[in-house]
Amino acid sequence: MSNHHDAWPPLPVETWIDTRDTLQLWTQIVGKTRMAIGPAVNHWWGVPLYVDVSGLTTSLMTVTSRDGSTRGLEIRFDFLRHELLILVTDGTSRRMALEPRTVADFYAEYTGHLRDLGFEIDIVGTPVELPDATPFAEDTAHSSYDADAVSAFWRSLISAHGVFSRFRGEFRGKSSPVHFFWGAFDLAVTRFSGRPAPQHPGGVPNCPDWVMHEAYSDEVSSAGYWPGGAEEGVFYSYAYPHPEGYDTHPAVEAPGHWDSALGEYVLPYHLVRQAPDPEAMVLKFLRQTHQAAAETAHWDQ
């Protein structure tokens, strides 16, 4: 994927926002399945999806049935063939078409397949971190699916994943995996100072405050890629708690800049994809914003 257009395709938000919002709800349904099955992990690391060779995956999940039998389950969004794959270690599987369809229709078919495969999984049936908490089973408003736009977004995720993975490898301390959080619909990687943080104030739409308390129990410098916030999405970086002087630190150079509305440093995606070396631009942004966080918060380096 050396061709910049292929690796960093144009993604005008206005051309696929309806598809993006529908897909976010679909990923929440699948992500909530992983949350229901797996063990709790610090900072909610047990619930994200992961970028893979054809889209997004839950990775392998272990499910114990009421009769005591155990099987492995993996659910994958295939953005090449535009299918949802439900794969089981006993060789059984189901496929669903990713195409224009309501969230209610997607939810009904998806939960039906799980039942047919013998999985009794209690999924929380409402969205989180979104202003509209219409239950999935009742949502007929979101029904868009532009296959070309979704494929383009997946290619941008692959490129972002590569840069984030390199950035993660540069840090010897505690660091999160590079993972896709379906709540906010963003790819993220987080570094930790090793110190506890003050309790997060919460206030995220349709998300209990205790969820944020766990997510931000420790001091962090976090970065990610979100297909929103600008005409083609943004790379972002923030620190929690916010250190004095962080938002004006001289280490962060243009085109990265502080966005007071978001409360984060941002680097617009459209500038990245047009750069001679997109990977170098993103990596520079990640390093500089982490430096700003570490220096103003006095991390033990």
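Student: At what angle do helix H2 and helix H3 pack, and how far apart are their axes?
Tutor: Helix H2 (residues 13-37) packs against helix H3 (residues 103-116) at about 25°, and their axes are 10 Å apart. H2 is therefore roughly parallel to H3, a label for angles under 35 degrees. Axes are lines fitted to C-alpha atoms over the stretch in contact, and angles run from 0 to 180 degrees between N-to-C directions. Helices (H or I, at least four residues) and strands (E, at least two) are DSSP runs, numbered from the N terminus.

Student: Which residues make that contact?
Tutor: H2 contributes Thr22, Leu25, Trp26, Ile29, Val30 and Thr33, while H3 contributes Val103, Phe106, Tyr107, Tyr110 and Leu114; contact means heavy atoms within 4.5 Å. Of the residues in this contact of H2 with H3, 9 are nonpolar, 2 are polar and none is charged.

Student: Where does this model come from, and how are residues numbered?
Tutor: The model is predicted, with local features needing pLDDT of at least 70, side-chain atom pairs counting only at pLDDT 80 or more, and totals for chains, interfaces and linings using all residues. Residues are numbered from 1 along each chain as its sequence is written, and side-chain values use heavy atoms, leaving out hydrogens and water.

Student: How do H4 and H7 cross?
Tutor: The axes of helix H4 (residues 147-169) and helix H7 (residues 278-296) come within 10 Å and cross at roughly 40°. H4 and H7 are therefore oblique to each other, the class left once angles under 35, over 145 and from 65 to 115 degrees are set aside.

Student: Which residues of H4 and H7 touch, and how many are charged?
Tutor: On H4 they are Val163, Phe164, Arg166 and Phe167, and on H7 they are Glu279, Val282, Leu283, Leu286, Arg287 and His290. This contact of H4 with H7 has 6 nonpolar, 1 polar and 3 charged residues. Ala, Val, Leu, Ile, Met, Phe, Trp, Tyr, Cys and Pro count as nonpolar, Asp, Glu, Lys and Arg as charged, and the others, Gly among them, as polar.

Student: New topic: how many aromatic pairs are there?
Tutor: The whole structure holds 25 aromatic pairs, meaning rings of Phe, Tyr and Trp (its six-membered ring) with centres within 6.5 Å. One aromatic cluster consists of Trp8, Trp16, Phe153, Phe164, Phe180, Phe185, Tyr225, Phe235 and Tyr269. Phe164 of this cluster also belongs to the contact of H4 with H7.

Student: Which charged residues sit over rings?
Tutor: The charged end of Arg71 sits over the ring of Phe119, 4.1 Å from its centre. Lys174 lies over the face of Phe192, 4.4 Å from the ring centre. The criterion is NZ of Lys or CZ of Arg within 6 Å of the ring centre and within 35 degrees of the ring normal.

Student: Where are the cis peptide bonds?
Tutor: One runs from Tyr240 to Pro241, with omega near -5°, and another joins Ala254 and Pro255, with omega about 10°. Pro241 lies in the loop between strand S10 (234-240) and strand S11 (257-259), and Pro255 is also found between S10 and S11.

Student: And what is phi of Trp44?
Tutor: Phi of Trp44 is near 65°, a positive value in a residue other than glycine. Trp44 lies in the loop between H2 and strand S1 (50-51).

Technical notes: Rings of Phe, Tyr and Trp (its six-membered ring) pair if their centres lie within 6.5 Å; planes under 30 degrees apart count as stacked, over 60 as edge-to-face and the rest as tilted.
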